[in-house]
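Trainee: Could you take me through the pockets of this model, with a close look at what lines them?

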Amino acid sequence: VVPLCVLLIWSQVRTVGGWNVAISTGEWRSAVISAVAGVVGMIPEGLVLLTSLNFALAAIRLARKNTLVQELESVETLARVDCLNLDKTGTVTDGTIRLDSLELLGVCGPDDMRGTVNEHDVRQALFDLSNEGQPNGTGQAILSGLREQGFADGTVEARVPFSSARKWSSIYDGNAVWTMGAPEVILSQINGDHADILKQVNDLANDGNRVLLVARIYGAAPDDYETDPKLNPASCPVALVCCSEHIRADAEETLAWFREQGVRCRIISGDNPVTVGAIARKVHLTGEHEPRFMDARELPADITELAQVLENVDVLGRVLPDQKKAIVEALHAGEHVVAMTGDGVNDAPSLKQADVGIAMGSGTEVSRQTSDLILADDNFATIINAVEEGRNIYLNIQKAVLYLLSCNLGEITTLFLAIV
C-alpha cells in the first residue's frame, strides 16, 4: 500500500506539470488528496470489524461453557500456546484433600527435655497448627479430619503463620514450640542426621501422598518468635502427617489431548517434587515416558540457564512464588508462547507475566483480576474449549483476509496499471 501511495502521488504531480509547478501553484495538495483517496479503497476496513466480532462471539460462546474471557485477544493467543504450566492442586487434582494418617517417629533426642511422644499431644498440636485465620487446603483437610476425631481449639500463646517462602508454620502452646511444614525443609535446618526419616518421606511421597513433618522443642518461645521467625535447630521431629489428593477423572484424557496438539504441559507446585512426580506419573503427563521431576530450590537464578534446564524438566516441586514468574520469563526467552494456571495470591505475578493467564473461579480475587481467562467451574478440561475456539477464530480471520484481499486485488491492479 505504501509504495502504491508514493506512486500515486508521483503520477498526480506529473499530470500537473512536475514538482516545480506543483509546489509553486500549490497543486501538490490536490495530488496528495487524490492519492490518499485512491489508497483508501485498497485498505480492508472491514477486517477490524470482523476481528472484533469474532472475538466477541467467541467470548459469548465460551461464557456458555463456563469460561469467562477478560481479554478478548487472549482466546486467539491461547490457540498458539505451546507451553502450558499447570498448578497441581485444583488442576490435575480436584482440590479435595483428605487426612489419611499420622505416623509417630519415636523418641526425641537429648535436646528435648521430655523424650516420649504422646500421640494425643501431637494431634492436638497438629490441630492448632492448622487452625489459622485462613487455612490453606491442607490445613482445612487436617482440621476436618481431627474434628471428626473429637479435637477442638487448644491453647496457643503465639503463632507464626504458614508462609510459601518458609514452607512451615509454628505455634507456642505455653510448654513447647511446635512446627509443621515441608519435611526436607525442616530437617535441613535442625540438628542431626535424618536420612532415615527422609527415606520414609520419599517412600510415602512415591505413592502420591502429601507429607508434612511435625517437630517440637520444649521451653519458652524466644522474644522475637513472631516478629523474626526462625526454626530452632534443636527441634526434634516427632511425626509425619500423610494427606492424599483426589485426581480428576478427566485429567489424563485432557493432558493426552494437549500432548496430541503439540502443547507441552508442565506441573509446577509447592509440594514435594517426589509427590508431584508420582501424581504426574499416574495421569501420564508425558505419555509413555517417565516424567522428569526436580526440586525448584536447585534451579539456576540466571534466566538463560533456567531456560535450558526447563527443556529437560516436566515437574517442579517446592516452587517459590517468585520462581513461577522467572519460569515464565525463561520460557519466553526460549521463544515459547506460555499459558499459566493458578488460583492463589502468589500466582498473580506469573499469571500476569504469561501470554495467557488462566485463573480458577474459586481462586482469590487477585488471581482472577490479573488473569485473561477464568474457569468458572474450576474444571481443567474446560481449557480445551477455549483452545478450540481460539483456533476457530484464527481460521475465520484467515478466511476473512483472503476474501477482502481478493476483493481489493482488482482495485490494486487497476491503479497500478493506470500509474504505469
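**The pockets and their linings**

Mentor: In the second largest pocket, α7 supplies the largest share of the lining, four residues (helices are DSSP runs of H or I, at least four residues; strands are runs of E, at least two; both are numbered from the N terminus). This is a predicted model, in which local features need pLDDT of at least 70 and side-chain atom pairs pLDDT 80 or more, whereas totals for chains, interfaces and linings use all residues. Residues are numbered from 1 along each chain, and side-chain values use heavy atoms, without hydrogens and water.

The lining of the second largest pocket comprises 11 residues, and D121, Q124, D173, N175 and W178 lie nearest its centre. By class, three are nonpolar, four polar and four charged (Gly counts as polar). The volume of this pocket is about 170 Å³.

The largest pocket holds about 1400 Å³ of space. It has 48 lining residues, with N136, G137, F162, S164 and R210 nearest the centre. Two or more of the lining residues come from each of the helices α6 (88–92), α7 (119–130), α8 (137–148) and α14 (321–333), and from each of the strands β3 (93–104), β6 (176–181) and β7 (210–218). Helix α8 contributes the most, four residues. In this lining, 23 residues are polar, 13 nonpolar and 12 charged.

A pocket here is an open set of points on a 1 Å grid where a 1.4 Å probe fits, with protein on both sides within 12 Å along at least five of seven lines; lining residues have an atom within 4 Å of a point. A volume is the space filled by probe spheres set on the points.
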